[in-house]
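Hello,

Here is the structure we talked about. Please open it next to this email and follow along.

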Amino acid sequence: MNPARKRTVRLTVALSAAVVLAAALIYTSFSAASPALTPSQLLAQARPGHSYQLTGKVLAGSVRRSGSTLDFSIEDRAGGAVVPVAYTGTVPDPFREGREVIVTVEKRNGAYVGERDSLITKCPSKYSAGPPSAGKQSF
Amino acid sequence: MAGLGGACLLLALAVCVYGIGASLYGVRRSRPEFSDSGRRAVYALAGILTVAFAVLEIAFLRNDFTFNAVADTSSRTTPGFYRAAAVWSSQEGSLLLWAWLSSLWSSLALFLTRNRMRDVASYATAILLGFAGFFISLMVFYANPFATTRPAPLEGAGLDPLLRFPTMMIHPPMLYSGYTLCTVPFAFGMGALLARRVDAEWIGAVRRFAFAAWFLLGVGILLGARWSYSELGWGGYWGWDAVENASLMPWLTGTAFLHSLMIQEKRGMLKVWNASLVLATGTLAIMGTFLVRSGILNSIHAFGGQTLGVPFVCLIAVMIVGSIYLVVSRRGMLRSEHRLDSLLSRESIFMANNLVLVGLCFVIFWGTYFPLISEALTGHEASVGPPWFDRYTVPLALILVLLSGIGPAIAWRRATFANARRNLLVPALLGLGTVALLLVGGVPGDPGALAMFGCGAFVIGCIGQEFQRGVRARRAMSGEVPPVALLALVRRNRRRYGGYIVHLGIVVLFVGVAASSSFKHSVEPTLSVGQSSKVGAYTVHYVRPTATVSPAQDAAHTGSTLALGAVLDVTKNGRHVATLYPSEGFYASDEPSQGSVGSLIGGQPVSHVAMDAGVTRDVWSAIAPDLETPQLKRIVQIGNKTIPFARPEDALIAVAFLARSYLQHPPPAQFHFIVSPLVMWIWIGGLIVIGGGLIAIWPSGLALRRRARALARAESAQPGAGAEQGLARV
């Protein structure tokens with residue numbers, strides 16, 4: 001093989017390897033991703049064994065601790081549908097009733113179980129240029 | 001004062017427009033006096049923005065609540081140290097910080113290159129002023145840091161308690177310095193392509209700035225990880241959060257560039273690749289700023305509102321299209337001067353390292369922007385979690401560490417197998433021996449972590465061998481004792497040996513990451529006073545509750561009204577190890593609806609983590625005390641009813657009463673304990689990287705002396721100009 005041809009072959013092999021790897025990455029990202037849903041969407045389409053990213057507001061008066069499990073309910077931003085979640089793991093400092101949170105949940109035996117350490121609170125109002133998060137908890 | 005600040009911004013915008021026009025006119029019409037004037041416009045910009053930043057900083061320190069930015073992010077109860085740092089916690093203030101730092105770094109870069117590559121530098125001046133002008137326009141038209149409200153509110157909202165942590169003072173300026181410095185190589189790269197001067201000179205000129213950008217961005221990332229570990233009640237240092245990823249991506253492409261530019265310097269190869277990397281790094285840095293400031297992705301750090309999205313998307317689009325157009329249209333000039341001689345050469349190892357780094361960047365890019373990609377493609381927003389990132393980044397990181405050992409041990413151009421075997425045999429045995437030893441020693445078999453320990457030992461072997469050979473060669477030449485020879489070796493060749501030290505630090509850091517993430521114990525028990533919990537080999541005993549009232553007493557000096565905590569006794573096999581004092585701070589809120597007492601403690605609570613850090617392991621603890629018991633709630637309710645807002649000192653007494661009641665009848669508290677091995681080596685590794693980076697970046701005495709001699713020669717050729725003046729200029 002002459003050197004120019006050798007280089008072309010090498011380049012083709014390298015490029016196809018990169019394409020295969022990128023395709024694998026892209027494929028797995030779609031199958032591993034959890035869709036972001038609101039409580040009403042989740043109630044309508046959740047299937048057992050799949051995980052979903054649940055986004056909404058923590059329902060006032062719903063937060064309860066039992067052992068290492070934190071139970072709380074998430075409602076649609078505008079109110080309405082409510083999903084109870086049993087969560088274990090780290091609870092971020094800004095978590096409180098009325099605040100917007102994101103948590104990855106899975107439907108197990110008809111109940112929604114939060115994935116460990118997946119709870120994220122959306123930013124507190126002080127940082128956003130947009131509207132402040134409504135309904136801070138009052139004593 | 002606000003008027004002065006606003007005038008500064010308008011003047012700065014005018015200076016930007018003038019400077020862009022002057023430097024472009026100067027270079028297109030070959031009128032160097034206009035190019036010089038454009039460069040001086042950058043210096044003027046730096047001066048004007050310094051005044052503007054000082055005006056805002058003074059307003060924060062003086063609690064001037066007529067400034068909206070001050071009223072929104074600071075307060076009288078915010079301690080002075082954090083008031084100074086609160087400037088960049090607001091959207092407007094952080095834009096001003098960006099523009100200011102950008103003007104300072106641009107001035108430095110243009111000053112250092114003032115006598116070289118005039119045409120390239122003129123284009124770079126215009127581009128750098130373009131970035132500054134963009135950020136100044138954002139402030140003028142969207143988020144004015146000098147907007148005021150009269151009459152001024154009596155009290156501000158206060159700095160978010162989460163940000164009341166010492167590194168907040170230094171983390172954002174470091175990160176922003178890194179981001180703004182990334183735009184300097186971008187501007188020079190663009191300039192070189194525009195001026196059609198793509199020789200080695202521009203690469204040499206931007207090397208220092210690329211390195212400084214890489215260095216400061218790295219320090220910023222490290223400080224962010226440290227903040228996450230020791231301030232957030234979470235105990236992790238990296239969470240694949242969108243904003244963290246945004247800062248890592250330009251750092252990865254910057255790392256790739258710092259390696260591949262050596263191939264261009266030595267062999268005249270990879271010109272297209274280098275130009276693309278520089279342009280990509282600059283674009284990724286702007287995208288990073290955009291991610292933090294626009295709030296487009298869900299993130300723990302989503303600071304911004306949606307208002308800045310459109311202008312940023314336009315800027316990024318212009319950068320991407322411009323970069324691609326220039327690289328494609330100048331590709332004829334970017335031909336390699338040489339071909340790759342052999343697959344077994346340092347060039348090819350460097351190329352492999354570049355591919356891995358860019359691959360890592362691609363993985364992180366895809367995962368970070370996946371919510372947007374998936375929404376665009378499928379119509380549904382979806383995201384990938386940390387396990388997805390780990391699946392790809394762990395093997396890539398392993399390959400990267402391996403290559404960082406192999407690279408320096410292989411010769412340029414064409415290495416022989418015999419040579420490679422001789423250089424790699426001892427380190428390889430060291431790596432395999434380490435793995436065998438760990439397996440025999442009964443370290444639980446996590447394959448990823450074991451592989452990382454093996455690779456780490458291999459790389460340390462490679463680096464040690466390089467140092468040992470260098471010292472031996474020097475001793476043979478000069479007969480110095482080993483420590484002197486070592487010092488001389490590093491001093492004569494800072495870039496090379498500084499680079500090895502950086503590699504060593506990265507390996508140490510990765511070993512810390514592998515150990516602490518694979519062999520971590522974490523529990524979240526609910527404990528009453530007197531109860532204990534086991535975490536790993538340790539037992540943590542809840543001895544008694546603690547409480548402090550009033551901002552002045554807050555032990556962490558963060559200005560919390562009330563801090564409730566615990567005294568924890570940590571033992572191992574019955575032997576006392578440490579006493580820890582974790583607490584949670586409760587801060588005043590700006591919500592009158594919470595009542596006179598409730599609003600004193602109704603702000604966001606923040607954990608004050610306590611840990612016993614050690615070289616083998618950290619014992620980490622956080623507490624979330626329960627303020628929601630009926631008894632404590634009743635105290636707040638009664639206080640709210642009986643104490644008017646006008647009597648804050650009485651309300652504070654009610655808080656003190658609440659604290660006493662908590663101490664007398666402490667309800668069970670929620671704890672989080674973590675024992676993770678070798679975490680400290682992450683920070684030690686980071687410090688080694690910083691040390692190695694400083695060695696490599698510091699202007700060497702030799703080069704300074706050489707330049708001084710050259711200057712002195714030039715001066716002596718022109719009698720009348722004093723030698724002191726020449727030295728002073730050095």
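**Contacts of one leucine**

Leaving out neighbours within four places in sequence, B:Leu252 is in contact with B:Leu357, B:Leu360 and B:Cys361. Keep in mind that this is a predicted model. B:Leu252 sits in helix α9 of chain B. Is B:Leu252 buried or exposed? B:Leu252 has 23 other C-beta atoms within 10 Å, so it is buried. The cut-off for buried is 20 or more. B:Leu252 and B:Val356 are 104 residues apart in sequence, yet their C-alpha atoms are 9.7 Å apart in space.

Now try another leucine. B:Leu429 belongs to helix α14 of chain B, residues 417–440. B:Leu429 has 13 other C-beta atoms within 10 Å, so it counts as partly exposed. Its C-alpha atom is separated by 9.6 Å from that of B:Gly454. Along the chain, B:Leu429 and B:Gly454 are 25 residues apart.

Start with the complex. The predictor gives an ipTM of 0.78 and a pTM of 0.89.

Next, chain B. Its mean pLDDT is 87, and 93% of its residues reach 70 or more. Over residues 719–730 of chain B, the pLDDT is below 50. That stretch has twelve contacts in the model beyond near neighbours in sequence.

Then chain A. It averages a pLDDT of 77, with 86% of the residues scoring at least 70. Which elements of chain A have the lowest and the highest mean pLDDT? Strand β8, residues 120–121 of chain A, has the lowest, at 78. Strand β5, residues 82–88 of chain A, has the highest, at 89. Over residues 124–139 of chain A, pLDDT stays under 50. The model has 45 contacts beyond four places in sequence for that stretch.

**Chain A in outline**

How many helices and strands does chain A have? There are two helices and eight strands. From the N terminus on, their order is α-β-α-β-β-β-β-β-β-β. Chain A has 139 residues, and 32% of them count as buried. Now take the contacts in chain A between residues at least 6 apart in sequence. Of these, 47% join residues at least 24 apart.

**Two packed helices in chain B**

Packed helices are described by the angle between their axes and the distance between the axes. Apply that to helix α17 (residues 494–518) and helix α21 (residues 680–697), both of chain B. They pack at an angle of about 170 degrees, with their axes 7 Å apart. Angles over 145 degrees count as roughly antiparallel. Therefore α17(B) is roughly antiparallel to α21(B). Which residue classes make up the contact of α17(B) with α21(B)? The contact has 16 nonpolar, ten polar and two charged residues.

**Strands in chain B**

Go to strand β4 (residues 532–535) and strand β5 (residues 538–549) of chain B. They pair in the antiparallel sense over four bridges. B:Val535 stands opposite B:Tyr538 in β5(B). β4(B) and β5(B) form a hairpin, with two residues between them. In the turn, B:Gly536 has a positive phi of about 60 degrees.

β5(B) also pairs with strand β6, residues 562–572 of chain B. This pairing is antiparallel too, over eleven bridges. One bridge to find is that of B:Val540, whose partner in β6(B) is B:Val570.

**Backbone details in chain B**

- B:Arg150 and B:Pro151 are joined by a cis peptide bond, with omega about -5 degrees. B:Pro151 is in the loop between α6 (118–141) and α7 (171–194) of chain B.
- B:Met117 is not a glycine, but its phi is positive, near 45 degrees. B:Met117 is in the loop between α5 (91–112) and α6 of chain B. It has 21 C-beta neighbours inside 10 Å, so B:Met117 counts as buried.
- B:Leu270 is not a glycine either, and has a positive phi of about 60 degrees. B:Leu270 is in the loop between α9 (242–267) and α10 (271–294) of chain B. With 23 other C-beta atoms within 10 Å, B:Leu270 is buried.

Best wishes

Notes
Residues are numbered from 1 along each chain as its sequence is written. Chains are lettered from A and ligands numbered from 1 in the order in which they are written. This is a predicted model: local features need pLDDT of at least 70, side-chain atom pairs count only at pLDDT 80 or more; totals for chains, interfaces and linings use all residues. Axes are lines fitted to C-alpha atoms, for helices over the stretch in contact, and angles run from 0 to 180 degrees between N-to-C directions. Angles under 35 degrees count as roughly parallel, over 145 as roughly antiparallel, 65 to 115 as roughly perpendicular and the rest as oblique. Ala, Val, Leu, Ile, Met, Phe, Trp, Tyr, Cys and Pro count as nonpolar, Asp, Glu, Lys and Arg as charged, and the others, Gly among them, as polar. A residue is buried if 20 or more other C-beta atoms lie within 10 Å of its own, exposed if 12 or fewer, and partly exposed in between; C-beta atoms are placed from the backbone. pLDDT is the predictor's confidence in each residue, from 0 to 100. Two residues are in contact if their C-beta atoms, placed from the backbone, lie within 7 Å. Two strands pair if DSSP finds at least two bridges between them.
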